[in-house]
Amino acid sequence: MTQYELTKMAGAVIAALLLIFGMKTFIDIRLAGHGHHGKSAGYTLPAAVAVAGGAAAGAPAEAGFSFAKVAEALPKANVENGKDIFKKCTSCHSVEKGGKALQGPNLWGIVGRAKGAVAGFGYSEPLKAKGGDWSYESLANFVNNPKGYIAGSKMVFAGLPAASDIADLLGYLRTMADTPAPLPAGK
Ligand code: HEC
């Protein structure tokens, strides 16, 4: 064999190997991708995106979260801190009176407002079906773990784990209304 033929053969072998490994990697990637998909069709945004820049990025909602801690902290809520925490929400929610809907509905007067009340906003079916008004308790539970409180909600937010943060946030949200909602009874 001449040097030229040898080089050509080596080239052919390398090309064949590349093809085989390339195919295998391609198939692996396809299979791995399938493993990650949930039952629902379409795409799922990574939840961590919703809290990008927040201390709670990627943190799972606190297990055994109880509203009692929030109710206790509410009368001493730090409204300024609550306004700061609300920055985690502003990518999707305006809160000032008459503010426009973003990815989520405007939240003016949310404490005590009926669930799914913004006319023309495309709420998910599960949120519309939940019914009732947004009490401090339901807001706390929803903000702590949106999909835990309303399975199938389209609010992509990992949740605020700390009861004190939720109390501060609700302490701020109640002020964003014509008449601030009274604090939970007996507190
Ligand atoms: C990535 C976007 C996004 C972020 C971040 C987000 N939300 Fe939402 N939010 C939504 C969407 C979308 C809905 C509508 C959910 C549905 O229809 O299931 C919603 C619904 C709500 C509702 C119900 C409103 C109503 O009219 O019934 C409340 C309350 C709420 N969000 C509060 C918050 C708070 C507080 C934060 C921050 C801690 C937050 N959201 C962060 C997208 C977001």
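Colleague: What makes I166 a residue with contacts, and which residues does I166 touch?

Modeller: This is a predicted model. Contact here requires heavy atoms within 4.5 Å. Leaving aside residues up to four places away in sequence, I166 touches F65, V70, A140, V143, N144 and L160.

Colleague: Which residues have the most contacts inside the largest nonpolar core?

Modeller: I166 is among them, together with V70, F86, L170 and L173, in a core of 34 residues. Helices α3 (67–73), α6 (136–144) and α8 (163–173) each supply at least two residues of this core. The greatest contribution comes from α8, with 7 residues. In soluble globular proteins, nonpolar side chains tend to be buried together.

Colleague: How do you know that F142 is buried?

Modeller: Buried means under 20% relative accessible area. F142 has 7% relative accessibility, and therefore counts as buried. Across the protein, buried residues make up 33% of the 187 residues.

Colleague: How many aromatic pairs does the structure hold?

Modeller: The structure holds 5 aromatic pairs. One of them joins F121 and Y123, with 4.8 Å centre to centre and 65° between the planes. Ring centres within 6.5 Å count as a pair, and planes over 60 degrees apart count as edge-to-face, so this pair is edge-to-face. F121 and Y123 are both buried.

Colleague: Why is the pair of F142 and Y149 called edge-to-face?

Modeller: The ring centres of F142 and Y149 are 6.3 Å apart and their planes stand at 65°, so the pair is edge-to-face. The limits are 6.5 Å for the centres and over 60 degrees for the planes. F142 and Y149 also belong, with W134, to one aromatic cluster.

Colleague: What makes you say that the charged end of K115 sits over the ring of W134?

Modeller: The distance must be within 6 Å of the ring centre, and the charge must also lie within 35 degrees of the ring normal. The charged end of K115 is 5.1 Å from the centre of the W134 ring and sits over that ring. K130 likewise lies over the face of Y149, at 4.2 Å from the ring centre.

Colleague: What secondary structure does the protein have?

Modeller: The protein has 8 helices and 0 strands. From the N terminus on, its elements run α-α-α-α-α-α-α-α. Among contacts with a separation of 6 or more, residues 24 or more positions apart account for 53%.

How values were computed:
Residues are numbered from 1 along each chain as its sequence is written. This is a predicted model: local features need pLDDT of at least 70, side-chain atom pairs count only at pLDDT 80 or more; totals for chains, interfaces and linings use all residues. Side-chain values use heavy atoms; hydrogens and water are left out. Rings of Phe, Tyr and Trp (its six-membered ring) pair if their centres lie within 6.5 Å; planes under 30 degrees apart count as stacked, over 60 as edge-to-face and the rest as tilted. Buried means under 20% relative accessible area, exposed over 50%, partly exposed in between (1.4 Å probe, protein chains only). Helices (H or I, at least four residues) and strands (E, at least two) are DSSP runs, numbered from the N terminus. A nonpolar core is a set of buried Ala, Val, Leu, Ile, Met, Phe, Trp, Tyr and Cys residues joined through side-chain atoms within 4.5 Å.
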